[in-house]
Amino acid sequence: MANYYSDHPEIGFHLNHPLMKRIVELKERGFEDAKNYADAPVDYEDAIENYKRILDITGDVAANIIEPNSESVDIEGPHLENGRMIYASKTFENLDATRKAGLHGISMPRRYGGLNLPNIVFSMLSEVVSAADAGYQNIWSLQSCIDTLYEFGSEEQRQKYIPRVCAGETMSMDLTEPDAGSDLQRVMLKATYDEKEQCWRLNGVKRFITNGDSDIHLVLARSEEGTKDGRGLSMFIYDKNQGGVDVRHIEHKLGIHGSPTCELTYKNAKAELCGDRKLGLIKYVMALMNGARLGIAAQSVGVEQEAYNEGLAYAKERAQFGQKIIEFPAVYDMLSRMKAKLDAGRSLLYQTARYVDLYKALEDIQRDRKLEPEERQEMKQYTRLADAFTPLAKGMNSEYSNQNAYDAISIHGGSGFIMEYKSQRLYRDARIFSIYEGTTQLQVVAAIRYITNGTYLALIKDMLTAEVAEELRPLKVRVEKMTELYEQAINYTKELNSQEALDFLSRRLYDMTAEIIMSLLILDDATRAPELFNKSANVYVRMSEEDVIGKAHYIKNFIVEDLPSFRAAEQKTEE
């Protein structure tokens, strides 16, 4: 029987990373939960086995329930009925399956009914679910919104809402509006305090809300009358049981059909303030978005895997000119690049998740006791690393999922354009990944300061000090040469002393950064598990070299005076 976890040992490999012991140690706090909860681990080995069991259960549900339902969900989609969103019929089966399997409340402490799993495992679970159906992964993974409520809500709110999510109730984050997409400072949904009822009331419209008719919403609203920027925004909790919110429209989308995208009307809806006033965008949405971006990175890796699976299976079966097409250089080159992107992208995703785990666990401990000086330093270190890696993981994997889905169709030839083949659905689903929760261009904006201040370069040089297997040393030399070109490109860009030039060249610098880091990650993976990653290491490093050399050449030959010609071309086109 198929299993989307155990069928891919590359996923489980990442549970053996050296940082896992520290993650488990912090997450389990001396394994004290074992005294009160039968499912709590008693030591590190027991924790890892527990993670594997949950991953195996999820892999079974994904392969044998969610994936077989995916085509029907894609065709039927959700629909609107009397102001309510109704899921596709098979989506209800998926929800029932994940609830019965106990796959909700993933990250929450056991005292609220959660599983207390780290982000690295949540990312693995998200990848597995996404490989089966990226649309359902959206619905299921939005349970991670509860992390923000756990971090910033009151204890009363935690006890009120977290057990419901752990039992399988759904969540959404209601941020965007018709006039506030990427620029959330323009949010105008109004929050006013009702003195008589001692509660907040929300009025206005939200648009493009994923899973918008969920049970529990986190809502960004303007609480400070007369303000027009982010300082006037606060975060609120809306409970669907209270009423006051209707679904006005469900978007008809290119892909992820099973994931409802709703336009909502708030009409005097009762809500609770989450955390402090005025920090909705400045603090709480940033936390929400970082978690969501890691979730999209995992969603992307799942589709990267499934696109590769589809392309590989078809290439092995399809014969042309008297031989299987997998034997054609053009096809096996395409497949080898798909697999290399998948393995390198997954490694970047899980490294990011580990960094998030370390600083989040220390933040959680800090709620109960004062951290030791070395713990504070550790939290600061991993917070910075997580902040630097998240835009790389989200941006690169969302692009790779699009590329792999595109290539899967190409391998299928004309059949890939036919609706009966899954590759077309993967292609349609993947397209949104590089757009929502911050476009790739916004990930570049988030990463560029770490490029110009030398954070990534210092990290790369530190990673270069690690030993690799003897057979991989020639590849490491290639990465060292790429790093020299990368450093020269950064210095040259800074010497231009032009913010516009930096903005123009930043995507190239971003790509170079990510490709060098992923090259080093995949070399480390191949050193520890050559049977799984040697081929991908060879392909990925050479592929990155090809790209880095080209981008370095472009940057070193760029002059500020070139910029007007680009602007003129744009203006001429517009005219």
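In this predicted model, Asn119, Ser123, Ser126, Glu127, Ser130 and Ala131 of helix 5 meet Leu294, Ala298, Gln299, Val301, Gly302, Val303 and Glu306 of helix 9, where contact means heavy atoms within 4.5 Å. Helices here are DSSP runs of H or I with at least four residues, strands are runs of E with at least two, and both are numbered from the N terminus. Because the model is predicted, local features need pLDDT of at least 70 and side-chain atom pairs count only at pLDDT 80 or more, while totals for chains, interfaces and linings use all residues. Residues are numbered from 1 along each chain as its sequence is written, and side-chain values use heavy atoms, with hydrogens and water left out.

Two packed helices are described by the angle between their axes and the distance between the axes. The axes of helix 5 and helix 9 come within 7 Å and cross at roughly 45°, the axes being lines fitted to C-alpha atoms over the stretch in contact, with angles running from 0 to 180 degrees between N-to-C directions. That makes helix 5 oblique to helix 9, since angles under 35 degrees count as roughly parallel, over 145 as roughly antiparallel, 65 to 115 as roughly perpendicular and the rest as oblique.

How many of the residues of helix 6 (residues 134–141) are buried? Of its 8 residues, 8 are buried, so helix 6 is largely enclosed by the rest of the structure; buried means under 20% relative accessible area, exposed over 50%, and partly exposed in between, with a 1.4 Å probe and protein chains only. Among the elements that the buried residues of helix 6 pack against are helix 3 (44–76), helix 5 (119–132), strand 5 (199–210) and helix 9 (280–317).

Helix 3 contains Ala47, which is buried with a relative accessible area of 0%. Leaving aside neighbours within four places in sequence, Ala47 is in contact with Val24 and Pro41.

The largest nonpolar core has 154 residues, and Tyr51, Leu202, Tyr266, Tyr456, Tyr486 and Ile517 have the most contacts inside it. Such a core is a set of buried Ala, Val, Leu, Ile, Met, Phe, Trp, Tyr and Cys residues joined through side-chain atoms within 4.5 Å. Helix 10 (residues 329–366) supplies the largest share of this core, 17 residues. Apart from this core lies another, of 31 residues, among them Met108, Val165, Met173 and Tyr284.
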